Amino acid sequence: MCSGRVDLEFVLRAFANGMDGVFIGGCRLNECNYITHGNYDALNMVLLCKKIMEHLGLDPERLRIQFMSSGDGIIFSEAVDEFTRKVKALGPLGKREQIDADELKSGLQDVRKLVPYIKIAKRAKLKARLENPQDYEGFFTRDEIDRLLGDVTSYHINPDKCQACMICRRRCPVEAISGGKNRIHVIDQDICIKCGTCFEVCPPRFAAVDKICGQPVPPPIPEEKRTLARKSASK
Ligand code: SF4
Ligand code: SF4
């Protein structure tokens, strides 16, 4: 398949499943037969993923992308040999980096949940076409990724404002919102991917969705208190 189809989640999943290194082979840049040029997307994803790996304490050399044509057998075998030697020298994932196995597992798990959020936050850069290899190194920075992953915005529905119009529930891409007619809506924080759609679609006259950053999200309102007490109905 096109290297542009190799999602950030695929790479993180490989590491979460215990792979010590990930090698991605893509067509030569500017030789794509289609207008999509997905190999540029793959390159941007790899540059981003390397910074995420640094954020997790992993050596970014464990991830490599190599561009070549189907006739470049020698380049392919040399690249794979070299990468295999490098990964063998680095040893099992996290060992050379001295990361506690449980810490690494939960770090990878947390970042994987944030993949949609990361892709939305960085969508403009992920669509860029980097023509000059000298631009690769500083394209994503460690500071930028530390900030992105350190200041994750969560979303919470204010039970005093929600009018159960159900718009957010219908528009949530991962079915993280429960609720119904005359029921105050609630976000399941374990399912939410922080896309912000609920915040954008909640009608301004209700403005019931809050953005929360740097503090804990309030616990969900108990089931028995979710029935909406409408003023007209309560008279
Ligand atoms: S931010 Fe809102 S719309 Fe997006 S996944 Fe979370 S609950 Fe759903
Ligand atoms: S869109 Fe706003 S008012 Fe409507 S159900 Fe969602 S949170 Fe409540």
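Start by selecting Val46, Leu47, Lys50, Glu61 and Leu63: among the 19 residues that line the largest pocket, these lie nearest its centre. Keep in mind as you look around that this is a predicted model. The space in this pocket comes to about 370 Å³.

Next, colour the elements around the pocket. Those that give two or more residues to its lining are α2 (38–56), β2 and α3. Of these, α2 gives the most, with 6 residues. Now try colouring the lining by residue class: you will find 11 nonpolar and 8 charged residues, and no polar ones.

**Stop two: another pocket**

Stay with α2 and select Gly4, Asp41, Met45, Lys119 and Leu126. They lie nearest the centre of the second largest pocket, which has a lining of 13 residues. Its volume is about 250 Å³. Here the elements that give two or more residues to the lining are α2 and α6 (123–126), and the largest share, 4 residues, comes from α2. Coloured by class, the lining shows 6 nonpolar, 6 charged and 1 polar residue.

**Stop three: helix α3**

Which residues of α3 are buried? Show the side chains of Ala79, Phe83, Val87 and Leu90, and you have them. Turn the view until you look down the axis of α3: the buried residues fall within an arc of 60 degrees, so they line one face of the helix.

Then bring up the other side of α3, where Ile74, Glu78, Arg85, Lys88 and Ala89 are exposed. Before leaving α3, step on to Gly91, which follows the helix and has a positive phi, near 80 degrees.

**Stop four: Glu103**

Select Glu103 now; its place is in helix α4 (residues 101–113). Is Glu103 buried or exposed? Its relative accessibility is 52%, so Glu103 counts as exposed. For a sense of distance, draw a line from the C-alpha of Glu103 to that of Ile157: the two are 54 residues apart along the chain and separated by 31 Å.

**Stop five: the cavities**

How many cavities of 30 Å³ or more does a search of the whole structure find? There are 2.

The largest cavity holds about 90 Å³ of space. Select Cys172, Ala176, Cys192, Cys195 and Cys198 to find it, as these are the closest to its centre of the 14 residues that line it. By class, that lining divides into 11 nonpolar, 2 polar and 1 charged.

For the second largest cavity, select Cys162, Cys165, Cys168, Cys202 and Ala208, which lie nearest its centre among 13 lining residues. The volume of this second cavity is about 80 Å³. Colour its lining by class to finish: 11 residues are nonpolar, 2 are polar and none is charged.

Conventions. Residues are numbered from 1 along each chain as its sequence is written. Chains are lettered from A and ligands numbered from 1 in the order in which they are written. This is a predicted model: local features need pLDDT of at least 70, side-chain atom pairs count only at pLDDT 80 or more; totals for chains, interfaces and linings use all residues. Side-chain values use heavy atoms; hydrogens and water are left out. Buried means under 20% relative accessible area, exposed over 50%, partly exposed in between (1.4 Å probe, protein chains only). The arc is that of the directions from the helix axis to the C-beta atoms. On a 1 Å grid over the protein atoms alone, a cavity is a set of points where a 1.4 Å probe fits but cannot get out, and a pocket is an open set with protein on both sides within 12 Å along at least five of seven lines; lining residues have an atom within 4 Å of a point. Grid points are joined across faces, edges and corners, and a volume is the space filled by probe spheres set on the points. Ala, Val, Leu, Ile, Met, Phe, Trp, Tyr, Cys and Pro count as nonpolar, Asp, Glu, Lys and Arg as charged, and the others, Gly among them, as polar.
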